[in-house]
Amino acid sequence: MGDPMKVEVKDIDKLLEMDGYLKPFEREIRRRHGVLKDWIAKIDQCEGGLEEFSQGYKYYGLHFQPDNSVIAREWAPGARDVYLTGDFNNWHWESHPYKKLPFGKWELHLPANPDGSAPIKHLSEIKVIIRNQHGQLLDRLSPWAKYVVQPPKSANQGVNYKQYVWQPPEGERYQRQNARPPKPKSLRIYECHVGIASQEPRVGSYDEFADRIVPRIKRQGYNCIQVMAIMEHAYYASFGYQVTSFYAASSRYGNPEQLKRMIDVAHAQGLYVLLDVVHSHASKNVQDGLNQFDGTNSCFFHDGARGEHALWDSRLFNYTEYEVLRFLLSNLRWWHDEYNFDGYRFDGVTSMLYHSRGIGEGFSGDYNEYFGLNVDTDALNYLGLANYMLHKLDPEVITIAEDVSGMPTLCRPVSEGGIGFDYRLGMAIPDKWIELLKEQTDDQWDIGNIVHTLTNRRWMENTVAYAESHDQALVGDKTIAFWLMDKEMYTHMSTLSEPSIIIDRGLALHKMIRLITHALGGEAYLNFMGNEFGHPEWLDFPRVGNNDSYHYARRQWNLVDDNMLKYKYLNEFDRAMNELEERYGWLHSGPAYVSWKHQSDKTIHFERAGLVFVFNFHPTQSFSDYRVGTNWAGTYQAVLSSDDPLFGGHNRIDMNCKHQSDPWGHAGRSNFIQVYTPCRTAVVYARISD
């Protein structure tokens, strides 16, 4: 891993051959790639290679030695003095000074007690004290803290987090019992949040998630969970996006050993586990976070305007600083090595690359936007380093970029001059569905535009398709289920209630939207926790504006578990959809071929992974003997119908009916079958014989 990267010219030539529009920007692509190689070479020469460089957590922070002495180290280049204090020294702030080392590093040795015991105990409270250049003493949490806890309100100790030493006895440390499952060929992601996974109006725990929620995810046919808000954040309502302690697993859900158990339980169920990692910015919180750690406005961040994110009111990292790169790259290693996470979803990639220079999120697709001076190439270089390191460390790792810009090369290997992500989020897809549901009735939908949105992605750069994520569930927006059914969900979701055309339409379109997104929109699929059964209402964390209520910061599992409610229909369709993908593997089988998109009929036909997908979005018109083109001759039979009674449908599709192909061809395909396609129904056909 520490060897300098060797890249043949032909690798970048391959990238240029894949996309001829990149050719005018070849010089900039090679320049950026050269900068990345130079950084790797510098780290090799000066730091002993990325293998050593990315294990900063073994050097900084608090470390117990075999003889029970303790070594503490920090990086605080702007500090005049650094001290360690805590209950171990009765909170004498200046009694234990660090020794100043070169390059802004500080070190403290604490010998073992006379009886041979460690001078600091497990769960001791400690703080780092910084004397700034004006002589003021400032109390701080270590950037490398592994466990920080907010005092309960009943303790009357304020709201600032406290750092506790996490060094449990060997017998209290969780021991992994399960190997990591194989890397999924088709990635079906369940996006989730431990805290809101509880049905009760409170914060859920790691143990509850492992015991109650992981089995649900497994049953639904997902093979990967993407866990949000794990990196500690002082403000719960930030959804984990205002990180304060980057190395601490959030204590509001439990302790580090319990998180390790949760991941191990997921692995036992065959689930990959991805961490939602926030390296795009950091909380401005000074008392609990990195901001002004050394008493200056810089340290981990840029000083001045470049270090401020005006929209998010947060700080922006200085990706040109050695120790910042060490901190962030080591952070990725830490979650992988210590907790056994299998990969990462990088939050805010677009913001990293553009917003720090004041560029908005509107992108026309003009390649000059991606290779011009508006791109923060320092951030781009960090992302390339991170992906290079992670994939060298572990070839089975998965990385996903939250990117709305569509930047070319983002999901191509570093060896080709790319940035190295495995996937990017298809963020235009949920926006399109919300736009349609919000602004038009479904008889007005532009069928061609829907197909374009679902298929408009970069060739050979993998996309995670999703109809909705946590963004659409947050208060201020509505989930797809709520856009479709709204208040009717409170009165007509019982199987015993009188029929409702609103609920009937909502159930039908909810299933169709998810299936066409799953099958046509990308090379991976994502669902946010609860949306699989059409969770009602929105998501709102306890805050001043809602009187600190947990009413909307939970998931109402009782709704889907109640056999008398129609939520079960959406849930069963979600499971069947995932199970069908597991059988046929359309997500990893290459893009679909769309043979038919008819505006007035509101129909869409496409082929993928040997299956033929037939969608009829028309509100009222059903079609008999409707021709569907296919390039595969043979006999076909329906293998999934959204109209099945199991999914709340009207049973208008005969699942036993055989459809023999006709060799005369149709819609540019060499064969066709004739089917009955009811209104607001999606049916998937498989060839059962030649």
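Two strands count as paired if DSSP finds at least two bridges between them. Helices (H or I, at least four residues) and strands (E, at least two) are DSSP runs, numbered from the N terminus. This is a predicted model, in which local features need pLDDT of at least 70 and side-chain atom pairs count only at pLDDT 80 or more, while totals for chains, interfaces and linings use all residues. Residues are numbered from 1 along each chain as its sequence is written, and side-chain values use heavy atoms, with hydrogens and water left out.

**View A. Pairing of strands S10 and S11.** S10 (residues 187-193) and S11 (residues 224-228) run parallel and are joined by five bridges. Glu191 stands opposite Gln226 in S11.

**View B. The barrel.** Eight strands with parallel pairing form a closed barrel in the order S10-S11-S14-S18-S19-S20-S21-S22. From one strand to the next, the twist averages 30 degrees (angles run from 0 to 180 degrees between N-to-C directions; axes are lines fitted to C-alpha atoms, for helices over the stretch in contact). H6 packs on the sheet and touches strands S14 (272-277) and S18 (343-346), contact meaning heavy atoms within 4.5 Å. The direction of H6 makes about 140 degrees with that of S18. H9 lies across S18 and S19 (398-401), running at about 165 degrees to S18.

**View C. Packing of helices H6 and H9.** H6 (residues 322-339) packs against H9 (residues 377-393) at an angle of about 35 degrees, and their axes are 11 Å apart. Residues in H6 that meet H9 include Leu325, Leu332, Arg333 and Asp337; among those of H9 are Tyr382, Met389 and Leu393. The contact of H6 with H9 comprises ten nonpolar, one polar and two charged residues (Ala, Val, Leu, Ile, Met, Phe, Trp, Tyr, Cys and Pro count as nonpolar, Asp, Glu, Lys and Arg as charged, and the others, Gly among them, as polar).
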